[in-house]
Amino acid sequence: MMNGLSWMIYGAGVLGNIQGVLIGTAIVSGIGIAGYIAFSAMGADIGDVPKGTWKGGVRWAWVPFIIALLAALVPSASTVYLMAASEAGEAVVTSPDAKEMLNDLKSIIRKKLKEELGADSKSDS
């Protein structure tokens, strides 16, 4: 059985692969559409498309843009690892033992600051 942290680590690997596929798809489809537009504009006969109808390619130009946008929105693996570490850190810090230790640490810091401030004021006189 996988817990939330395990799923985040698994997702980091998967998202890295998805991002690569999206980028590759955007590049290939962009090249294909640009080629279609260029050959059609030059008057090439492309299948059932009449010569000179390059506007059909422009109609599909949004596809690589949307795919590239999706690739940009997919977080990188390192971002997911940082999110997982943040979740784990929050669980540790919010535990009762950690809260008690943080309170003790705050008390020690306050005491040391008062001692240092008291020593500084005496040395200034």
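Visitor: What is the mean pLDDT of the protein chain, and what share of its residues reach 70 or more?
Guide: The mean pLDDT (the predictor's confidence in each residue, from 0 to 100) is 78, and 81% of the residues reach 70 or more. This is a predicted model, in which local features need pLDDT of at least 70 and side-chain atom pairs count only at pLDDT 80 or more, while totals for chains, interfaces and linings use all residues. Residues are numbered from 1 along each chain as its sequence is written, and side-chain values use heavy atoms, with hydrogens and water left out.

Visitor: Where is confidence lowest, and where highest?
Guide: Helix H2 (residues 55-59) has the lowest confidence, at a mean of 65, and H3 has the highest, at 84.

Visitor: What percentage of the residues count as buried?
Guide: Of the 125 residues, 14% count as buried. Buried means under 20% relative accessible area, exposed means over 50%, and partly exposed is in between (1.4 Å probe, protein chains only).

Visitor: Which residues make the largest nonpolar core?
Guide: That core has six residues: Leu22, Ala26, Val63, Ile67, Ala71 and Val74. H1 and H3 are the elements that give two or more residues to this core, and H3 supplies the largest share, three residues. A nonpolar core is a set of buried Ala, Val, Leu, Ile, Met, Phe, Trp, Tyr and Cys residues joined through side-chain atoms within 4.5 Å.

Visitor: What is leucine 22 in contact with, leaving aside neighbours within four places in sequence?
Guide: Leucine 22 is in contact (heavy atoms within 4.5 Å) with Ile67, Leu70, Ala71 and Val74.

Visitor: And valine 21, buried or exposed?
Guide: Valine 21 is exposed, with a relative accessible area of 53%. Valine 21 is in helix H1, and its C-alpha atom is 9.7 Å from that of isoleucine 67, 46 residues apart along the chain.

Visitor: What about glycine 24?
Guide: Glycine 24 also belongs to a helix, H1, and counts as partly exposed at 29% relative accessibility.

Visitor: Where is tyrosine 10 found?
Guide: Tyrosine 10 is in helix H1 (residues 4-41) and is partly exposed, at 48% relative accessibility. The C-alpha atoms of tyrosine 10 and tyrosine 81 are separated by 9.7 Å, and these residues are 71 apart along the chain.

Visitor: Switching to the surface: what is the accessible area of the chain?
Guide: The accessible surface comes to about 9,400 Å², and 69% of this belongs to carbon and sulfur atoms. Accessible areas come from the Shrake-Rupley method with a 1.4 Å probe; for residues, only the protein chains shown count as cover.

Visitor: Which residues make the nonpolar patch?
Guide: Trp60, Trp62, Phe65, Ile66, Leu69, Leu70 and Leu73 make a nonpolar surface patch of about 770 Å². Patches are made of residues with over 30% relative accessible area and no salt bridge: like charges are joined within 9 Å, nonpolar side chains (Val, Leu, Ile, Met, Phe, Trp, Tyr) within 5 Å. Tryptophan 62 is in helix H3 (residues 62-73) and is partly exposed, at 48% relative accessibility.

Visitor: How many salt bridges does the count come to?
Guide: The count is one salt bridge, taking a side-chain nitrogen of Lys or Arg within 4 Å of a carboxyl oxygen of Asp or Glu. Lysine 112 pairs with glutamate 115, with the closest N and O atoms 3.9 Å apart.

Visitor: How far apart are lysine 112 and glutamate 115 in helix H5?
Guide: They are three residues apart in helix H5 (residues 96-124), so about one helical turn separates them.

Notes. Helix = DSSP H or I, 4+ residues; strand = E, 2+ residues; numbered from the N terminus.
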